[in-house]
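Let's take a friendly walk through a protein structure together. Please have a look at the sequence and the model before reading on.

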Amino acid sequence: MFKLATIDELLANLGDHTDFATIAKKEADLGIQHLEYDVDAGMTTYFGENGYLVERLSNGLGTPVTGGEVNVDAVEKAGAAYIAGTLSLAEAVKALAAAGCETWTANLKRNIIDFAGPEGKIIAAIEF
């Protein structure tokens with residue numbers, strides 16, 4: 001099964017502006033089926049088969065999510081730019097937090113990322 005050190009090495013080799021489809025393919029090759037990113041905490045949980053999971057408690061990029069109205073257009077724009085590799089993870093986290101996105105879940109089998117706001121309500125779903 002995959003380990004955090006292996007994921008870190010993979011991401012470091014890919015760099016900051018790699019399209020998410022490439023990242024997802026490489027992570028899936030490690031056995032990752034889906035992942036969830038918490039914007040406020042900068043925490044990522046990677047899920048494998050049979051309930052296997054690995055957690056990164058913080059990547060140092062945690063950003064407080066703006067309260068109030070969720071800006072759906074801004075979430076879609078930032079999400080699409082991150083998926084395309086135009087925004088780095090650090091840039092995407094800032095933009096998504098400002099737009100009211102609290103988490104995102106990437107399903108590496110279905111090739112889709114669900115961006116969610118308060119109470120886990122899905123704001124946008126973008127395919128990669």
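**A tryptophan and its neighbours**

At 2% relative accessibility, Trp-104 counts as buried, because buried means under 20%. Keep in mind that this is a predicted model.

Which residues does the ring of Trp-104 pair with? One of them is Phe-115: the ring centres are 5.9 Å apart and the planes meet at 50°, so this pair is tilted. Trp-104 belongs to strand β4 and Phe-115 to strand β5 (residues 112-116), so the pair ties together parts that are eleven residues apart in sequence.

The structure holds six aromatic pairs. In another of them, the rings of Tyr-37 and Trp-104 have centres 4.5 Å apart and planes at 20°, so they are stacked. This pair links distant parts of the chain, with Tyr-37 in strand β1 (residues 34-38) and Trp-104 in strand β4 (residues 103-107), 67 residues apart. Tyr-37 counts as buried because its relative accessibility is 2%. Ring pairs join Phe-20, Tyr-37, Tyr-82, Trp-104, Phe-115 and Phe-128 into a cluster.

Now step back to the sheet. Strands of a sheet pair through backbone hydrogen bonds, either parallel or antiparallel. Here six strands form an open sheet in the order β3-β2-β1-β4-β5-β6, with antiparallel pairing. At the edges are β3 (53-56) and β6 (122-127), each of which pairs on one side only. From one strand to the next, the twist averages 15°. Between the antiparallel strands β4 and β5 there are five bridges. Finally, helix α3 (residues 72-84) lies across β4, β5 and β6, and runs at about 30° to β6.

Note on methods
Residues are numbered from 1 along each chain as its sequence is written. This is a predicted model: local features need pLDDT of at least 70, side-chain atom pairs count only at pLDDT 80 or more; totals for chains, interfaces and linings use all residues. Side-chain values use heavy atoms; hydrogens and water are left out. Rings of Phe, Tyr and Trp (its six-membered ring) pair if their centres lie within 6.5 Å; planes under 30 degrees apart count as stacked, over 60 as edge-to-face and the rest as tilted. Helices (H or I, at least four residues) and strands (E, at least two) are DSSP runs, numbered from the N terminus. Buried means under 20% relative accessible area, exposed over 50%, partly exposed in between (1.4 Å probe, protein chains only). Two strands pair if DSSP finds at least two bridges between them. Axes are lines fitted to C-alpha atoms, for helices over the stretch in contact, and angles run from 0 to 180 degrees between N-to-C directions. Contact means heavy atoms within 4.5 Å.
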